[in-house]
Amino acid sequence: MSVPAPRTARKAGDPPAFQLRLYVAGQTAKSLDAFANLKRICETHLAGQYCIEVIDLTKTPQLAAGDQILAVPTVVRRLPEPIKKIIGDFSNEERVLVGLDVQPINA
Amino acid sequence: MKKKLTEIAPTLSKAPTGIAGLDEITGGGLPAGRPSLVCGNAGCGKTMLAMEFLVRGATQFGEPGVFMMFEENAAELTANVRSLGFDLDKLAAEKKIALDYVHIERSEFEETGEYDLEGLFIRLGHAIDSIGAKRVVLDTVEALFAGLPNHAVLRAELRRLFRWLKDRGMTAIITGERGEGSAITRYGLEEYVADCVIILDQRIQEQISTRRLRVLKYRGTAHGMNEYPFLIGAHGFSVLPITSLQLDHEVSVQRVPTGVARLDEMLGGKGIFRGSSVLVSGSPGTGKSSIAAKFIESACARGERALFFAYEESKAQIVRNMRSIGIDLATPIKKGLLEIHSSRPTLQGLEQHLVMMHDLVRTFHPTVVAVDPISNLTMAHDDAEAKPTLMRLIDFLKKEQITGIYTSLTSGGDATSAPEDSQLYVSSLMDTWLLLRNVEFTGECNRTIFVRKSRGMAHSNQVREFVVSDTGIDLVDVYLGGDRVLTGSARVAREAQERAVSTLRGEDHQRKLRQLASRRKAIEAQIAALQAEAEAESEEVHFVIAQETLQEKTTHQNTSAMAQQRGGATGTNGQMKQRR
């Protein structure tokens, strides 16, 4: 299942620089929290440069093997290369930015 | 054994592993619907055991299985187990086995808060559902400890995982690395998997490696407690269970000849019992191998199948050497009735040799097995260790009603040292014990044989000379000269001597007879002479009588004539007659 990620301030046809895929297990409170946290961080630091694809493993379990998913939630940074993985509920913003290799914007 | 154990614990259902020997030890297999822990050091065969469990389950027991690997990837594993004859690609295509390679790299991860391992559960659940699996292998789940920094989460999740596997009714094998010191596993997995723990071990002793398996724990069932040697061979995993403590094998009353007629004579005239074990012991060069080969040759000549395990000579060498004493092993080999397996005793440990023998016996189905010699097998082991393993082999063959011939080299070269000392204490396991000895006397070394014991039959107590010639082997009566047993040339000399004495005596007798005959002849001659004389005398008497009669007659005639002429004076004549 794929949920179109919010796309803001981006020219049409131009693929976003950060392609993220979020793996969750069901529409649980944890999953929703994780998605909210991730989205907030991305909006803050990567506004207009990202897209998030959410995969619910309870509905498409066959997709777990492809990205070697064990822990949930996991977000996989598919672009830019190299592939990076961040696990947890993304409550630690600093570590998420380290994981995404993004320079924080001081706001 | 299998039956008995299940009788003891009828409630606990078990999932057979299909692994030779393991099901016997565990009384039917692993606990069904529960996880079992298999642990051991690197290279012990954990993965092989787990894989065989899955493959046999899928192919023999109709239970598909999921193999989740954490160390090797699917391609590597498939290649590795192909050497055991398992075609994972085919099984995967038939949806009998699902492979899932779980790989985590510590450096790829960034922890940013709370998480769980639901992804692992989902993957496993998906794999299980996709093929309707009943069996699961996690190999080696401990790799997660290296990949995931938060061990508290990991432990909680593993506990949940094993619980989850149990709830889903999966018969599972979880492999684990052996821990340091007395720890069973490095990360204490045994805390979570408490139903059945199997430990694999590889030990190097005297530069020879032996693998062993032990069931440390099996909740709710009786199981073998010992360490059992095992082998990973061409047909997979093979564990050698000890069953000899049972001593409940059936016995045969059928007798089989040994191939040496005089030896059969010594063994109650009919040879040995089928399925019994025969120990042929002796110092070097006493002809142990020849007896074993002869026995095999005669068995094959009867159309039986035989296995010959040789630890001293190569196959070609045995065939050549035995041909030189008139034993033909080439023909039965060609007919497929005989297989000779030659190997160096140091190739592997004693247990592994025995496991190999087990495998060969199971596939070849012989009625006769010869081991030449068992003493070589135990070179690198002390007797205390060798005995139980040899016992296993002997017992196994007995159970299968296979006649076993074991040769054993005694250390003492001469007749005076007790050969009984160097029999590895196996003689008590043997039904028949033939003892060969070299007897050195008058500058010659000869072989003697006698039946030390033979259970269940009247057997000869005589020492016989054992003669090996280019026409075969035979037993000859020995001579007792004084207080010594005479063999070889001394025996021949003695025989010649006896022959000479008897010839002499014979001649003397003849001479005496001749003497008597001639004396009798002389007497007979004398008798004849006397008889002739007597005859002559009687003829004279007759002649005289006849003459007299004639004379008288003539006289009478004359007188009568005269009287007639004179004219009757007969009275006078009658008086004359009376006077005479």
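Modeller: Start with one definition. Two strands pair if DSSP finds at least two bridges between them. Keep in mind that this is a predicted model.

Colleague: How do you know that strand 16 and strand 18 of chain B pair, and in which sense do they run?

Modeller: Five bridges join strand 16 to strand 18 of chain B. The definition asks for at least two, so the two strands count as paired. Their sense is parallel. Take A310(B): its bridge partner in strand 18 of chain B is D372(B).

Colleague: What makes strand 17 of chain B a partner of strand 16 of chain B?

Modeller: The rule is at least two bridges, and there are five here, so they pair. These strands run parallel. A310(B) has a bridge partner in strand 17 of chain B too, namely S342(B).

Colleague: What makes strand 16 of chain B mostly covered?

Modeller: Five of its five residues are buried.

Colleague: In what order do the nine strands of the chain B sheet stand?

Modeller: The order is 17-16-18-19-15-20-21-22-23. The sheet is open, with mixed pairing.

Colleague: Why do strand 17 and strand 23 of chain B stand at the edges?

Modeller: Strand 17 (338-342) and strand 23 (472-477) of chain B each have a single partner strand, so one side of each has no neighbour in the sheet. Neighbouring strands here are turned by 20° against each other on average, direction ignored.

Colleague: How do you know that strand 15 and strand 19 of chain B pair?

Modeller: Count the bridges: six, in the parallel sense. At least two are needed, so this is a pair. One of the links joins V280(B) to T407(B), its bridge partner in strand 19 of chain B.

Colleague: What packs on the sheet, touching strand 20, strand 21, strand 22 and strand 23 of chain B?

Modeller: Helix 16 (residues 488-566) of chain B does. Its direction makes about 95° with that of strand 21 of chain B. Helix 10 of chain B also lies across strands of the sheet, running at about 165° to strand 19 of chain B.

Colleague: Now the charges. Why is the contact of E53(A) and R21(A) called a salt bridge?

Modeller: The N to O distance is 2.9 Å. The cut-off is within 4 Å, so the pair qualifies. E53(A) lies in strand 2 and R21(A) in strand 1 of chain A, so the bridge ties together parts that are 32 residues apart in sequence.

Colleague: Is R21(A) buried or exposed?

Modeller: Its relative accessibility is 17%. Buried means under 20%, so R21(A) is buried. E53(A) has 27%, which makes it partly exposed.

Colleague: Why is the contact of R163(B) and D167(B) called a salt bridge?

Modeller: The distance is 3.4 Å, N to O, and the limit is 4 Å, so it counts. Both residues lie in helix 8 of chain B, four residues apart, about one turn of the helix.

Colleague: What makes D167(B) exposed?

Modeller: D167(B) reaches 58%, and exposed means over 50%, so it passes. R163(B), at 48%, counts as partly exposed.

Colleague: How many salt bridges does the structure hold over all chains?

Modeller: There are 28.

Conventions:
Residues numbered from 1 in each chain as written. Chains lettered and ligands numbered in written order. Predicted model: local features only at pLDDT ≥ 70, side-chain atom pairs only at ≥ 80, totals over all residues. Heavy atoms only, no water. Salt bridge = Lys/Arg side-chain N within 4 Å of Asp/Glu carboxyl O. Buried < 20%, exposed > 50% of the residue type's maximum accessible area, 1.4 Å probe, protein only. Axes fitted to C-alpha atoms, helices over the stretch in contact; angles between N-to-C directions. Contact = heavy atoms within 4.5 Å.
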